[in-house]
Amino acid sequence: MQASTLHQLNKKKITLSETELIHALRQKDKIGAEALYDMYSSSLYGVIYRIVQHEEIAEDLLQETFVKIWNSFHSFDSAKGRLFTWMVNLARNLSIDKIRSKDFRNNSKNQDIENTVNFIDEQKSTAINPDILGVKDLVDKLKPDQKSILDLVYFRGFTHVEAAEELGIPLGTVKTRLRMAIITLRKFFN
Amino acid sequence: MEDIQSYIESGILELYVMGDLSPEEKLKVEQMAVQHPEIRTEIASIESGLEHYASAYAVSPSANLRERVLNQLEKSETVTNLNTTTVTSINSAKSNTFYKYAFAASVALLLLSTIALFVLYTRLQESNQQLAILETNNQQFSNRVNFMIDQLDQTQQTLNILRSPEVKLIKLAGTKQAPQASMMVAFNPVKEEVMIDMSAMKMPENDTTHQYQLWAMVDGKPVDLGVFDMKTDDSGMKKMKTVTNAQAFAVTLEPRGGSVNPTMDQMMVIGSI
């Protein structure tokens with residue numbers, strides 16, 4: 001646990017390898033909780049915020065997500081996929097449940113859906129992770145129809161069936177476009 | 001291999017990673033992934049791409065949230081521990097003392113109830129006794145009242161008869177047979193009523209085989225006016241048979257039920273108008 005000593009000395013964010021982190025989370029180690037938060041809070045919060053578009057609600061949901069990760073970690077199977085995939089799907093499910101709940105719909109004074117992405121990008125541009133460069137480049141690389149379907153499914157919680165209805169395109173097209181979008185991402189980040 | 005490639009290209013793996021499959025479809029993808037390494041590689045690649053995409057849009061939550069979340073995680077851990085161990089023992093201890101108190105309370109309540117029941121029972125018996133006494137008294141009283149009403153009634157009747165101007169009172173005096181005997185006869189010639197005053201009667205008591213018989217002398221012939229018994233507790237006026245024109249009344253002692261003709265040697269009293 002070199003990282004923890006480092007953390008205590010420098011008050012720096014803790015980073016563990018995924019294997020180390022999984023081990024620590026299984027042991028319910030305090031380091032595991034800290035590393036979990038430091039490594040993933042921004043990414044998860046970005047997704048949650050994008051879905052609910054409300055800071056306070058997004059922070060509550062992030063907390064709820066971490067509690068759920070922490071308490072139901074035994075159900076994570078590392079053989080079936082990456083830790084982040086499991087966590088982000090928990091976060092997305094909680095967020096989507098939230099925006100579909102009655103009290104949220106009653107209270108929401110959200111922007112028009114179409115403006116969502118730009119709105120967030122403008123508002124939170126300073127908070128965008130500086131380690132990852134070229135968000136703009138990425139957005140440029142993705143074709144508009146690929147980006148819209150990806151954001152609809154990934155950030156707005158549409159199922160591919162709902163997305164097909166929303167965009168008025170066949171299911172097969174939805175799947176292909178999603179695949180093409182993700183292939184673009186893979187190429188871009190490799 | 002062709003099949004695997006088209007399976008990959010169908011886009012189902014992307015949906016799998018984004019959690020957009022039914023449990024059955026999900027299970028099938030997982031089975032395929034176990035059998036085919038190229039599917040596993042593809043899935044990992046998709047996951048990596050999406051993870052990077054999410055990081056690209058990462059937003060830092062407010063700084064104080066870290067402390068809040070970490071505290072919450074610590075708390076939820078202790079809560080989990082509590083759930084499994086302490087809570088059960090607290091519960092059982094609590095319920096033990098609860099049952100102790102409940103038992104003590106029940107016993108006390110039972111005792112109190114028994115005492116109260118006993119006291120109430122005693123009082124009930126007392127009340128019942130008093131009620132019985134009162135009822136007896138009441139019965140005696142009403143008997144007395146009834147008796148007095150009867151007497152008053154008879155007296156009133158007697159008085160009415162005696163007061164009536166039409167009524168003649170004839171005193172029958174004892175003969176040699178019963179020198180001490182005497183009785184009163186009230187005769188109303190207008191209403192043709194004959195009554196004897198039982199309370200003022202002084203006659204020897206008759207036995208069960210004999211009865212007194214009252215006779216009226218009408219133009220020298222005896223006319224039967226009915227029989228009666230001499231009893232000391234009799235009172236009031238006794239109505240006899242009717243007669244219109246009587247000059248005298250007499251009483252003879254006859255066999256029970258009376259005779260057609262008077263037994264003259266058994267005449268007890270006689271009186272003329």
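Predicted model: local features only at pLDDT ≥ 70, side-chain atom pairs only at ≥ 80, totals over all residues.
User: What makes α10(A) and α11(A) roughly perpendicular to each other?

Analyst: Helix α10 (residues 160-167) of chain A packs against helix α11 (residues 171-189) of chain A at an angle of about 105°, with their axes 9 Å apart. Angles of 65 to 115 degrees count as roughly perpendicular, and α10(A) and α11(A) are therefore described in that way.

User: How do you know that the length of helix α4 (residues 55-71) of chain A agrees with its number of residues?

Analyst: The helix has 17 residues, which at 1.5 Å a residue should span 24 Å. The expected span uses one less than the number of residues. The end C-alpha atoms of α4(A) are 24 Å apart, so the two values agree.

User: Which residues of α4(A) are called buried, and what cut-off is behind the word?

Analyst: They are A58(A), E59(A), L61(A), L62(A), T65(A), F66(A), I69(A) and W70(A).

User: Why is strand β7 (residues 248-255) of chain B called largely enclosed?

Analyst: Six of its eight residues are buried, so the rest of the structure largely encloses β7(B). For chain B as a whole, 23% of the 273 residues count as buried.

User: How do you know that β7(B) pairs with strand β4 (residues 210-218) of chain B and with strand β8 (residues 267-272) of chain B?

Analyst: Pairing requires at least two bridges. β4(B) and β7(B) are joined over eight bridges in the antiparallel sense, and L214(B) stands opposite V251(B) in β7(B). β7(B) and β8(B) are likewise antiparallel, over five bridges; here S272(B) in β8(B) is the bridge partner of A248(B).

User: What makes strand β1 (residues 168-174) of chain B a partner of β8(B)?

Analyst: Two bridges join these antiparallel strands, and at least two are needed for a pair. In β8(B), I270(B) is the bridge partner of A173(B).

User: Why are β5 (221-228) and β6 (237-239) of chain B said to stand at the edges?

Analyst: The open sheet of eight strands in chain B has the order β5-β4-β7-β8-β1-β2-β3-β6, with antiparallel pairing. β5(B) and β6(B) each have a single partner strand, so one side of each is left without a neighbour in the sheet. Neighbouring strands of this sheet are turned by 30° against each other on average, direction ignored.

User: What makes up the contact of chain B with chain A?

Analyst: The contact takes 37 residues from chain B and 46 residues from chain A. On the chain B side, α2 (12-17), α4 (37-56) and α5 (65-84) are the elements that give two or more residues. The largest share of that side, 13 residues, comes from α4(B). The residues of the chain B side divide into 17 nonpolar, 12 polar and eight charged.

Terms used. Residues numbered from 1 in each chain as written. Chains lettered and ligands numbered in written order. Contact = placed C-beta atoms within 7 Å. Helix = DSSP H or I, 4+ residues; strand = E, 2+ residues; numbered from the N terminus. Nonpolar A, V, L, I, M, F, W, Y, C, P; charged D, E, K, R; others polar. Axes fitted to C-alpha atoms, helices over the stretch in contact; angles between N-to-C directions. Parallel < 35°, antiparallel > 145°, perpendicular 65-115°, else oblique. Buried ≥ 20, exposed ≤ 12 C-beta atoms within 10 Å, placed from the backbone.
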